[in-house]
Amino acid sequence: PAQGRPGHSLVWANMSGQDEAADQAAADPEAPIENNTAAMLAAFQEEPGDATAGGASGELGEADEEAIESNTAAMLSTFQEEPSNEDAAANQSGEAGEYGEEEEDDDDEDGQGGSQTAAVPYGASSLPSKDASGKDAKDSRLIKVKGMDKQQLCIDLLMVGCVQSFVDFFYITHRKAPGADATSIEAEGPDVDIPEETLIFLKETLESAESARRSSQYQVCFEAYNNLAEYFEKVPDLKGAMYFYQRCADVATEVDARESMSKAFLNLGACEERSSNWQNAMQFHEKALQIATSADSLPLQIKAASRLTQVYQVLAENCEKEGRDSEAVSLYERCKDCAQLSKDANLEGTACHKLGLAKYKTGHYEGAIELQKQYLDICRVHDDRIGESAARGALAQAYEAIGVAQEAIKQLENLLNVASEAGELKAQASACLNLGILYNGRGDHEKSVELLEQHFDLARQIGDRRLIDSARVVLGMVRGNGKLKSYIDLVNNDLDKLLKWKSKRAVLDA
């Protein structure tokens with residue numbers, strides 16, 4: 001039947017060689033495809049001329065279709081056999097190198113272009129199937145998946161042209177863990193651990209922020225960076241939060257959005273406060289206050305002034321601990337100025353009191369008295385009994401230092417009454433002690449002893465052993481001083497009574 005039909009003879013010859021093609025496929029998977037394609041092309045090129053010569057074009061067409069279908073079936077069977085052969089070769093290559101071929105495939109895909117890897121879902125196609133390799137192999141595969149997530153997301157950002165987002169993403173995800181020495185260029189140690197969900201959220205938000213910045217939607221860009229900063233602040237990851245708050249400040253500065261700039265610097269200062277970097281916190285809050293003032297934003301001025309008041313107070317207290325009293329006075333003065341800007345009476349009163357105490361330590365008694373009077377007025381307006389007690393105690397010390405004992409006694413008596421109403425045992429004890437010493441200095445022995453006995457009773461109620469011992473000693477000294485005059489008279493003029501006192505401890509008349 002194939003005589004005079006060269007096209008058919010080629011097709012039938014090709015079909016009869018399927019067994020040989022299968023053997024070739026095992027050796028060279030691409031050989032059957034090339035041979036079948038060449039045979040079909042040759043058949044199509046010869047068939048039109050032969051059909052015209054034989055005069056049976058209709059019959060030739062049907063035969064050709066059957067031959068093509070048979071040839072196609074042979075090619076499909078070859079394609080189905082090739083993957084199994086590859087799998088067998090892969091299994092024979094060694095089960096120990098589980099990731100060898102996967103890494104080579106990944107390298108090939110990276111070399112061909114990022115579009116192939118971008119289509120792979122995050123952490124899906126790389127997840128291994130369950131086999132007999134055990135838990136250790138599974139854990140190592142998961143570690144590889146996490147590493148690939150970072151790489152994949154970085155590639156995605158570069159593919160869409162978000163270079164700045166790539167820089168931000170790389171910095172955040174490749175920081176060293178807190179235990180590592182991140183200051184060294186060659187620092188070794190694990191990177192900070194960030195969950196996969198956070199990585200995807202970070203990538204998407206960075207991409208949207210940069211896209212908004214390119215389209216001049218600066219408020220959208222600011223909000224995106226601010227959301228990232230707030231997220232990392234809640235984690236808490238203060239370094240990550242500060243990185244994106246600085247991004248907020250950069251975006252706001254670019255368009256001179258002063259209120260947004262002030263907010264960004266306030267947030268930066270707050271992060272520095274949480275890290276106890278008080279000098280840096282002061283600088284950021286000062287910038288925020290300056291910008292808020294230039295923008296005429298009263299709410300931001302109040303907020304910045306409040307934060308600065310607390311920072312100045314901490315810095316001043318640190319100076320006092322180190323014995324730098326003059327620097328402490330300077331910081332307390334700035335603290336008082338900011339407290340007035342904050343419109344917060346409690347902050348202002350506390351600043352006046354602290355500054356007054358600092359001035360007292362440096363010998364500026366008149367200035368200390370004026371500041372404590374301001375604090376006293378604020379406390380009386382707000383019915384702050386505890387604060388009033390502190391103010392009157394400080395006033396009594398200052399008046400005593402300048403030699404105005406009567407005014408000091410007046411303040412201490414008022415302090416005793418106020419502290420009694422407020423239930424402040426320590427304030428009462430301090431007032432009794434100072435009043436007793438003042439009355440003793442003025443020669444009023446009975447009043448002094450009465451107040452010091454009350455001081456001793458209060459010390460016992462408080463339960464402070466040191467305070468109790470001190471109160472006992474002071475009371476004994478004052479009582480002894482009260483009987484000193486009669487004892488000297490006894491020694492000088494009444495020998496018989498002195499001997500009775502020495503031998504029988506007879507009571508001496510005061």
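The structure is a predicted model, in which local features need pLDDT of at least 70 and side-chain atom pairs count only at pLDDT 80 or more, while totals for chains, interfaces and linings use all residues. Residues are numbered from 1 along each chain as its sequence is written, and side-chain values use heavy atoms, with hydrogens and water left out.

The secondary structure of the protein consists of 23 helices and zero strands; these elements are DSSP runs numbered from the N terminus, with helices (H or I) of at least four residues and strands (E) of at least two. Of the 510 residues, 36% count as buried, where buried denotes under 20% relative accessible area, exposed over 50%, and partly exposed the range in between (1.4 Å probe, protein chains only). The protein exposes about 29400 Å², of which carbon and sulfur atoms supply 51%; accessible areas come from the Shrake-Rupley method with a 1.4 Å probe, and for residues only the protein chains shown count as cover. Among contacts (heavy atoms within 4.5 Å) between residues at least 6 apart in sequence, 53% join residues at least 24 apart.

Helix H9 (residues 196–214) packs against helix H10 (residues 218–234) at an angle of about 155°, and their axes are 7 Å apart. Axes are lines fitted to C-alpha atoms, for helices over the stretch in contact, and angles run from 0 to 180 degrees between N-to-C directions. H9 and H10 are therefore roughly antiparallel to each other. The contact involves Thr198, Phe201, Leu202, Thr205, Leu206, Ser208, Ala209, Ala212 and Arg213 of H9, together with Tyr218, Val220, Cys221, Ala224, Tyr225, Leu228, Tyr231 and Phe232 of H10. By class, the contact of H9 with H10 comprises 13 nonpolar, three polar and one charged residues; Ala, Val, Leu, Ile, Met, Phe, Trp, Tyr, Cys and Pro count as nonpolar, Asp, Glu, Lys and Arg as charged, and the others, Gly among them, as polar. Helix H10 also contains Asn226, which counts as buried because its relative accessibility is 10%. Leaving aside residues up to four places away in sequence, Asn226 touches Tyr245, Cys248 and Asn267.

On the H18 side, the contact residues include Arg385, Glu388, Arg392 and Glu400, and on the H19 side they include Glu407, Gln411, Asn414 and Glu421. In the contact of H18 with H19, nine residues are nonpolar, four polar and six charged.

Two further residues were examined individually. Glu348 is located in helix H16 (residues 345–361) and, at 22% relative accessibility, counts as partly exposed. Apart from residues up to four places away in sequence, Glu348 touches Ala339, Gln340 and Ile378. Between Glu348 and Ser306, which are 42 residues apart in sequence, the C-alpha to C-alpha distance is 9.9 Å. Met477, in helix H22 (residues 465–493), is exposed, with a relative accessible area of 52%.

Technical notes: Angles under 35 degrees count as roughly parallel, over 145 as roughly antiparallel, 65 to 115 as roughly perpendicular and the rest as oblique.
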